[in-house]
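Please keep the sequence and the model in view while reading.

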Protein chains: 2
Amino acid sequence: MIKSHFLHGFLNPKSIAIYGANNKGNSLAGLQLMNLIKSGYDGTVYPIHPRLESVMGFKAYKNIRNVPEIPDLVVIVLPAKIVPQIFKECGIRGIKRIILISGGFRELIGDRRNTLTEQINNIAKEYGIRFIGPNCLGVYNNWYGPVDHNKSFNIFIWENLERSKFSIASQSGTLSCHIWYDPENLDLGLGRSLSVGNQANIDIVDCLEYYKDDKYTEIIGLYVEEIKRGKKFLELAKEITQKKPIIAIYVGGSKAGNRALQSHTGAIAGNSRIYEGVFKEVGIIKTDYVQEFLDIALIFSRGIIPEGNRLGIITNSGGPGAMIANNAEKHNLVVPEFSENLQNELESVSPPTASYKNPVDCTFDMDLPYFYIKLPEILMKSGEIDAIIQYGVVGFQEVLDEYLKYDQIAKNAEFQHQPDETIDKLARKLLQPTMANCQKYSIPILYINPMNFNSPWSKRLRKNGAILFKLWDRPVNALAKVCEYVEYQNKLK
Amino acid sequence: MIKSHFLHGFLNPKSIAIYGANNKGNSLAGLQLMNLIKSGYDGTVYPIHPRLESVMGFKAYKNIRNVPEIPDLVVIVLPAKIVPQIFKECGIRGIKRIILISGGFRELIGDRRNTLTEQINNIAKEYGIRFIGPNCLGVYNNWYGPVDHNKSFNIFIWENLERSKFSIASQSGTLSCHIWYDPENLDLGLGRSLSVGNQANIDIVDCLEYYKDDKYTEIIGLYVEEIKRGKKFLELAKEITQKKPIIAIYVGGSKAGNRALQSHTGAIAGNSRIYEGVFKEVGIIKTDYVQEFLDIALIFSRGIIPEGNRLGIITNSGGPGAMIANNAEKHNLVVPEFSENLQNELESVSPPTASYKNPVDCTFDMDLPYFYIKLPEILMKSGEIDAIIQYGVVGFQEVLDEYLKYDQIAKNAEFQHQPDETIDKLARKLLQPTMANCQKYSIPILYINPMNFNSPWSKRLRKNGAILFKLWDRPVNALAKVCEYVEYQNKLK
């Protein structure tokens, strides 16, 4: 049971005390408290402050001793040197869970004999405290309280994010929260996120254990600088990847990279080749790129997983089609030449300028039901492909509307502005049958439209559940990694 | 002289006739005419149409014979099979320049014996016609007419783009124009763009010849499926890359890629390994990714070229710093450990939690003049690096403004909304000295801010001339390619 795992309490506290917050916008703890308020947390909040009467609207307490109950969770953002003292006070008060945000522990350069970590470890042991950090940013739980209440417990993301079943455990605070600064350009929501920092007490293995049995986690994202319990990590990963994909950024291996790690979380990284090999063996999807990390998660998040690595390409422009085909093969996807039967079928419905060996290039053509419904359906039914990438500049209404501003054009044009509802309806009509087909045949489509992600047509594609990219590089690379995972799973069967 | 090159007339026509346009929004030629109007073209326009009296506000003519002057340029968007006849009529009328948009020539699958290309080639030869295409999208010239008039000649981009000295020649229409569909997320303007399609008469070598002596072209972008005159191409490229970078996407080499090419422009691609080797030899920067193509051009477009490949990293977050360092070394950039002197100097100005071996990680710190001016200046002066990548989440005003909406926070907060002018001034004050230093030391800075590209602070960074990225993958990869080019040039010295 997930609720019995000790991390569950960190993500679902009914009361929280916070050290270090004031009423200023330039304090980290202040920002964190603001996030808590903004995300609608309905538990009790006890700011601890030596002088202030109130912090961000909450009555403040001089000391943890004065707090009228034992809070479920304590968050500390204070200079490192006074942290052992605070730990002790918390221990005496009966606190069992601490998130220690502060940096300045073992990650300091030239100060490796700094004994602060040892000190807090000892105190934690003495009082039975579990703690996250130090040198982290906190936690995020988009599944807080009763599921239908749609609430979150959040001390580190200032944007309100879509709920999803993608969960993160990360040694980098930025990777666990700041990558969400631009949600309007992301269709990937977030379930839970744990920023584990230096892992002095709680490590990524603990997080994996928790996510393994968590029904609100279906995709796991990791940012790793150092693995504390290697054997356990690999055993767990191997078990998890049979059911849930793990996408991991592992940093280390290069000279400068290792130097950066030492000053970041104090980690001593291993050889990246070894990690690469071992990750592959247990089915972890490894990437060096944060954008790819998000892209792979996005593809999984729609729940339609290809059964193999054969790619069908639909395009209305030759260049992107050729680049997709070329890059796909470079990344070990197969772009099969279609059978004669399938080519004949495609020919019978396509414009005379089209080609259909794969890529299917239907050239400039404004027959939208053909492009959005018919073509993908024929490909899906054929049994000759496992996934589709579809490039198209279509949905010209916004372009036409733009031109209608020009007198000369407007006077003569036979086209006109279409009301939003008409286009909404059109988009639904074009997309929904294909979304159903994706489900039915278990074949995902990755759409590409080079217009702004928030342009009217792109927005409608996204609203109807399409996985959308703006250019054609990223979907190929991300899909290739998804297919590698599928291949790994298939081998186990 | 650039004006004496025959392509100059294609980009600077005083009059243009267009076949195939009507008043509908779903015709390609109609869209092209709309682009022409929208971009403020002030030459004369003669639509040719068998029935319509007027097209998009211009008086239409039944035939090229009826047009009252010999147009400088003719654009044809008609079914392939009637094109030879039109070519003949144009030849008889004295036309010397044609852009042939229509597809359906040799690129058709299974129709390699299609003689249409031969036919139009013969007619062109007979009448002394030069033509671009077939199977292309046209041309764009953001330097049309007197430079200070800020006008353009444009038949294929519906957005109004910033002027720049980046020029494109491409066998893909999409690569020459549709990649500009989202200019608000691009800081890279465009100078000229030539979509050459099948290259039946005018090829990429012609374009290179033109761009070589063009003072409004300082960076050249190519999309290549087939090189018609290999020897000439390489000679020209070698000469050009001594002064101007050439960034090229070459598609081909994979089975599916080659199949796509045959149906796209009819090209028979060579072995991509050979191309890769040869491109390298003549200093062409090769990329497989359209986003990288744009990113590399963006770095060059600011005119500050690093003199070597030593990278300095400034960050206020450890994770991105470590990933940048790691990926940089993987891409053959050097991330040197700073000298003791430099480390001491950095230590003397940095917060106690900072580290400064390279990456310089100043951790959470709101001292903006230190972050934006002081740190980069120290690195630049040191002589130990050639380029800087700087990651930072700063400029929290938008975050604070967001929080000020929440009563509970607003009542207690000591921060407040800053007027736009105050922040404008701050941004200028923070950025301008550093922009000047970049120039002075010839060291570019690539900034990274994970917020939306059009968020208030990101917009201000861009407005002040910063090269900005949202995540930290792309700047590393693009910079690495820029540095490869620099290394190539240095070897020639």
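The paragraphs below treat a sheet of chain B, a sheet of chain A and the interface.

This is a predicted model, in which local features need pLDDT of at least 70, side-chain atom pairs count only at pLDDT 80 or more, and totals for chains, interfaces and linings use all residues. Residues are numbered from 1 along each chain as its sequence is written, while chains are lettered from A and ligands numbered from 1 in the order in which they are written.

Chain B contains an open sheet of 5 strands with parallel pairing, in the order β2-β1-β5-β6-β7. Its edge strands, each pairing on one side only, are β2 (44–48) and β7 (130–132) of chain B. Here helices (H or I, at least four residues) and strands (E, at least two) are DSSP runs, numbered from the N terminus, and two strands pair if DSSP finds at least two bridges between them. Within this sheet, β5 (residues 73–76) and β6 (residues 97–100) of chain B run parallel and are joined by 3 bridges; B:Val75 stands opposite B:Ile99.

In chain A, an open sheet of 6 strands shows mixed pairing, with the order β16-β17-β15-β18-β19-β20. β16(A) pairs with β17 (residues 360–361) of chain A in the antiparallel sense over 2 bridges, and A:Ser355 has A:Asp361 as its bridge partner.

The contact between the chains takes 90 residues from chain B and 90 residues from chain A, two residues being in contact if their C-beta atoms, placed from the backbone, lie within 7 Å. On the side of chain B that touches chain A, α11(B) gives the most, with 12 residues.
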